[in-house]
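Dear colleague,

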Amino acid sequence: MSIDQNTAAKVAKLARIKVEDDALPALASEFNTILGFIEQLNEVDVEGVEPMVSVTPLRLKRRQDVVTDGNQQDKVLSNAPDAREGFFAVPKVVE
Amino acid sequence: MSDLNKLGLAEARDALRKGDVTSVDLTNACLSAIEAAGALNAFVHKTPEIALEQAKAADARIATGDAPAMCGLPLGIKDLFCTKGVASQAGSGILEGFKPEYESTVTQNLFDAGAVMLGKLNMDEFAMGSSNETSVYGNAVSPWRRGNDDAQLTPGGSSGGSASAVSADLCLAATGTDTGGSIRQPAAFTGITGIKPTYGRCSRWGVVAFASSLDQAGPMTKSVRDAAIMLETMCSHDPKDSTSVDMAVPNFEAMLTGDIKGKKIGIPREYRMDGMPAEIEKLWGDGADMLRAAGAEIVDISLPHTKYALPAYYVIAPAEASSNLARYDGVRYGHRAQLAQGDGITEMYEKTRAEGFGHEVQRRVMIGTYVLSAGFYDAYYNRARKVRTLIKKDFEDVFAAGIDAILTPATPSAAFGLGEMTDADPVQMYLNDVFTVTVNLAGLPGISVPTGLDAQGLPLGLQLIGRPWDEGDLLNTAFALETAAGFVAKPGKWW
């Protein structure tokens, strides 16, 4: 599997990271180096092996389905780059 | 007492309880050492006011006879831990200005026990790196040098600031985190001790997430005893982290008898890599001899899937990172890019993340995005998770066969120079974690203990890997190794 510039651009888009066109060849080349390394996994016989879901076999704890937190609007917004009138503000989303 | 900053946790604790020193004295000694060590770039956010306030409170507490183990002991805190009201950036530009409104469970546990925070420590961005060269704060520098050569060396990564600070006696101990070796590799590079506990021992709540199924916090200290003391305080069951285990935390220090007679120590043949430096090979053999002399039985073992641990890691960790780091979108906290006329929300995301994330983080997020994308999920991500199952089974098999602990080198070499790996491809840097990453994939406890110096006078460490939830026994074996190795070297002060 080899990644070309178009695939690199597509991955950057999916990851929501702006990559300038002139940086794509180097990025594709790095991807190929890393994926070449990962390809070794194809040597392993994984027939019938379950993919690991949790490294500890413990059952997850359950708790009552109740509200445990809230009324912290100021704290929630305190680190926002742009907060207005009690909301996070973002550029226009809907035309 | 002079040079109070050079004390370890156990010595300082005992001196505090006897009334020979005060926490304010200890804290001032560390603050002075930190002020004089700007060249190491270990502390990136200093909190002297908080430290002195906590120290005074600790002294008052000790005076009333209420002195938990960590009471009054000054620590450095890795920048990955959220600390309430104190900058917590995970070494990243995208979290510039972020001051959490809450405290991580691990730091809260330490503060509840009376510990003192001196400040936040440098690290690789989002803990992605093995040399502390991906930090937005610039490189942390090791206090160690190759003889009289003044070339700057890496303290390792990602907990590079922690390693540098503890090794240079800027603090008594520090917190670290370990996703693929980020406590054990820097500990080995700087001649200190670092333990990553079993996955689930320490709460991950408030620790900025890198790869959630692998991340664990742990202490970085000047001795195995100190690691036992600090780890006990860091561990707890936490309802805020569903993967934290509800299991009693033993008194680890009380388990340090040094008696390892009859213990079976496995030497995994797959860790004898092609091209392993003779010095590392000798260090490893010497370590086995020391444990044998202490009464342990040395057994050759096989962990057949070892070779596939790093490739599996470099699927799983980036996949989880791409998901975890999706939250940095310029909306809720941290950096937001300046937008051009007409830019919409997609441009805001893309520009914010391009400006805020460094190169290595961008690369890993995109690799993770790729291995999770439609059409490749089975070929990469699911296959890696199956290989992870096999790697864990390798360990289960040897432990079921009666092995108590496994001895390996901690790193494939001594510390390298800052900048020396700049031109290497990313995989070369990843090889630093070849001996440590298996432990994260299997969720096991692992400890790095300094046991020797290389020909250039740089520290080298050995790793012991233990059974899950058996940190006490692992620490005791490490204590026996530490006692036998008698490592006392310290870096000469140049900074």
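How many residue pairs are in polar contact between chain A and chain B? The count is 20 residue pairs, both residues at pLDDT 80 or more, where a polar contact is a pair of N or O atoms within 3.5 Å, one able to donate a hydrogen and the other to accept it, and residues adjacent in sequence count only if both atoms are side-chain atoms. On the side of chain A that touches chain B, α2(A) gives the most, with eight residues (helices are DSSP runs of H or I, at least four residues, numbered from the N terminus).

Please bear in mind that this is a predicted model, in which local features need pLDDT of at least 70 and side-chain atom pairs count only at pLDDT 80 or more, while totals for chains, interfaces and linings use all residues. Residues are numbered from 1 along each chain as its sequence is written, chains are lettered from A and ligands numbered from 1 in the order written, and side-chain values use heavy atoms, with hydrogens and water left out.

In all, 50 residues of chain A are in contact (heavy atoms within 4.5 Å) with 67 residues of chain B. The area buried between the two chains, that is, the accessible area (1.4 Å probe) lost on putting them together, summed over both, is about 5,100 Å², of which carbon and sulfur atoms give 71%. In chain A, F37(A), L41(A) and M52(A) lose the most area to chain B, together 13% of what that side buries.

With regards

Conventions
Helices (H or I, at least four residues) and strands (E, at least two) are DSSP runs, numbered from the N terminus.
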